[in-house]
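Let's walk through the salt bridges of this protein, and then one of its sheets. Have the structure open as you read.

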Amino acid sequence: QVQLVESGGGLVQPGDSLRLSCVASGRTFSGYVGGWVRQAPGKEREFVAAITSSGISTYYADSVKGRFTISRDNAKNTVYLQMTSLKPEDTAVYYCARSGLYTTKEGAYDYWGQGTQVTVSS
């Protein structure tokens, strides 16, 4: 049984930074791709970022390129999403997820966290 728990969300002002964390249970996270997906009310769910198990390869949606950085610390079973230069349009619930494939297709992600709210407002 794999459990993913997100944390680090909150209320910030435009231009601020925030780091999200996703902690996965046990050793089952080893060898899996970590991904971040966000959902805002009235908007389509957006695949934000992904990182391979080794951390060598990463993917970013065009909307966050240059501002967000995905990373991981396998010793801590944790995937991070460092968000900088935050904009109001970044407001959403952010979910982390696990996949056996390096892909942006959500159907390939078999475990999901509960989500953490990020609100960017002045």
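Arg98 is buried, with 5% relative accessibility (buried means under 20% relative accessible area, exposed over 50%, partly exposed in between, using a 1.4 Å probe and protein chains only). Its salt-bridge partner is Asp110, which counts as partly exposed at 42%. A salt bridge here is a side-chain nitrogen of Lys or Arg within 4 Å of a carboxyl oxygen of Asp or Glu. Arg98 sits in strand S9 and Asp110 in strand S10, so the pair ties together parts 12 residues apart in sequence. (Strands are DSSP runs of E, at least two residues, numbered from the N terminus.)

A quick word on the model: it's predicted, so local features need pLDDT of at least 70 and side-chain atom pairs count only at pLDDT 80 or more, while totals for chains, interfaces and linings use all residues. Residues are numbered from 1 along each chain as its sequence is written, and side-chain values use heavy atoms, leaving out hydrogens and water.

By this rule there are six salt bridges, including these:

| Pair | Closest N to O |
|---|---|
| Glu106 and Arg45 | 2.5 Å |
| Arg98 and Asp110 | 2.6 Å |

Glu106 and Arg45 link distant parts of the chain, 61 residues apart. Lys65 and Asp62 are both exposed. Arg38, Glu46, Arg67 and Asp90 are linked in a salt-bridge network.

Now the sheet: it's open, with four antiparallel strands ordered S1-S3-S8-S7 (strands pair if DSSP finds at least two bridges between them). S1 (4–7) and S7 (68–73) are the edges. S1 pairs with S3 over four bridges, and Glu6 has Cys22 in S3 as its bridge partner.
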